[in-house]
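Here is my notebook page on the inside of this protein. I went through cores and a pocket, one entry at a time.

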Amino acid sequence: MFDHSVAAVVAGVGCCLPVRVVQNTDEPISRLDTTDEWIRSRTGIERRRWAGPGESTGDLAVEAGRRALESAGADSVDLVVLSTTTPDHHSPATAPWVAAQLGLGQVPAFDIAAACSGFVYALAVGDAWIRSAMAQRVLVIGAETLSTITDMSDRGTAVVFADGAGAAVLRRGTREEAGAVLAVRLGSDGTQKDLAVIAAGGSRRPDAQRDAEPGERCLRMQGPQMFGHAVRRMTEVSRGVLDHVGWQVEDVEAFIGHQANQRILDKVADLVGVPAGRCLGNIRRVGNTSSASIPLVMDEAVRDKAVAPGARTLLTAFGGGAVWGAVALTWPDIQPSP
């Protein structure tokens, strides 16, 4: 049974972005059948970060997690949840290694795969563990190296996907505190699994002989269909979570959507009714980092003091699977990591 006076409270945030910056005019983007103007107008992206040689998802996750722990002033947690589409290995999971690198001992640690909605799903897991008294403190991380599963000759994905990691520490607290998670709503529709899929390499098509076409081992996306589904589901789930907590859209002081495409973000904000001035984002500078995108924006906003502690905040995301979700929380009163 949950104690409804208890809440998971955001106690710290952190991020890690690779050093390598790739502009729209840099290779390999510049070799595609596109232009800087087209990319900006269709996606809102001017540049993105890609991991360097030997730099893994786990490496980025460790650094983001370390900074989140420093932000929270914590040196221990009871659980580590890592959301990623690009784990260091098919097996084992990456989260236990991340926990070990952070010196967190033998705490429970596991990966979840919920594509671009992964951070929202991971946040829901941490929230449930805390409210059910299974944990006092949880480290939630979204980390991706999408460049490792991107066909650099495919304009539909190469111009969009990027690498990075963002993390948050949740602690047990009350619903009245700044940073409290007040409601989470999730959903899925497996009939839409082909919206974004890596065709080969899984158990359905193992590709043990490596006879699949190179593009079949990379992430392929049905762009126009993805756009429509993302707008619909993010709008619906955002309205649903607002209804659940009893907020009017006018009450929302900060809105962070998954940084997939600026046109998607603008459309969802318009349909939900959130003014542009209350929308936070970084897609122009960072690209689409999948499950890392929301915590990356949160970390940036904390550093910039862009949102007042206690401000009513809405998070929402949609990803391949198809999966989607939304979170209502109050903005945390925390310090950025050193």
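Leaving aside neighbours within four places in sequence, which residues is isoleucine 264 in contact with? I looked them up: Phe227, Ala230, Val231 and Met234. Contact here means heavy atoms within 4.5 Å.

A note on the source: this is a predicted model, where local features need pLDDT of at least 70, side-chain atom pairs count only at pLDDT 80 or more, and totals for chains, interfaces and linings use all residues. Residues are numbered from 1 along each chain as its sequence is written, and side-chain values use heavy atoms, with hydrogens and water left out.

Next, the cores. I take a nonpolar core as a set of buried Ala, Val, Leu, Ile, Met, Phe, Trp, Tyr and Cys residues joined through side-chain atoms within 4.5 Å; buried means under 20% relative accessible area (1.4 Å probe, protein chains only). The largest one has 45 residues, and Ile264 is among those with the most contacts inside it, along with Ile29, Trp247, Val268, Leu314 and Phe318. At least two residues of this core come from each of several elements, including strand S1 (6-16), helix H6 (223-245) and helix H7 (262-272). Helix H6 gives the most, 8 residues. I also found another core lying apart from it, with 38 residues, including Phe119, Tyr121, Ile294 and Leu315.

Last, the second largest pocket. Its lining has 15 residues, and Gln262, Leu265, Asp266, Cys279 and Leu280 lie nearest its centre. H7 supplies the largest share of that lining, 4 residues.

Note on methods: Buried < 20%, exposed > 50% of the residue type's maximum accessible area, 1.4 Å probe, protein only. 1 Å grid on protein atoms, 1.4 Å probe; cavity = no way out; pocket = protein on both sides within 12 Å on 5 of 7 lines; lining within 4 Å.
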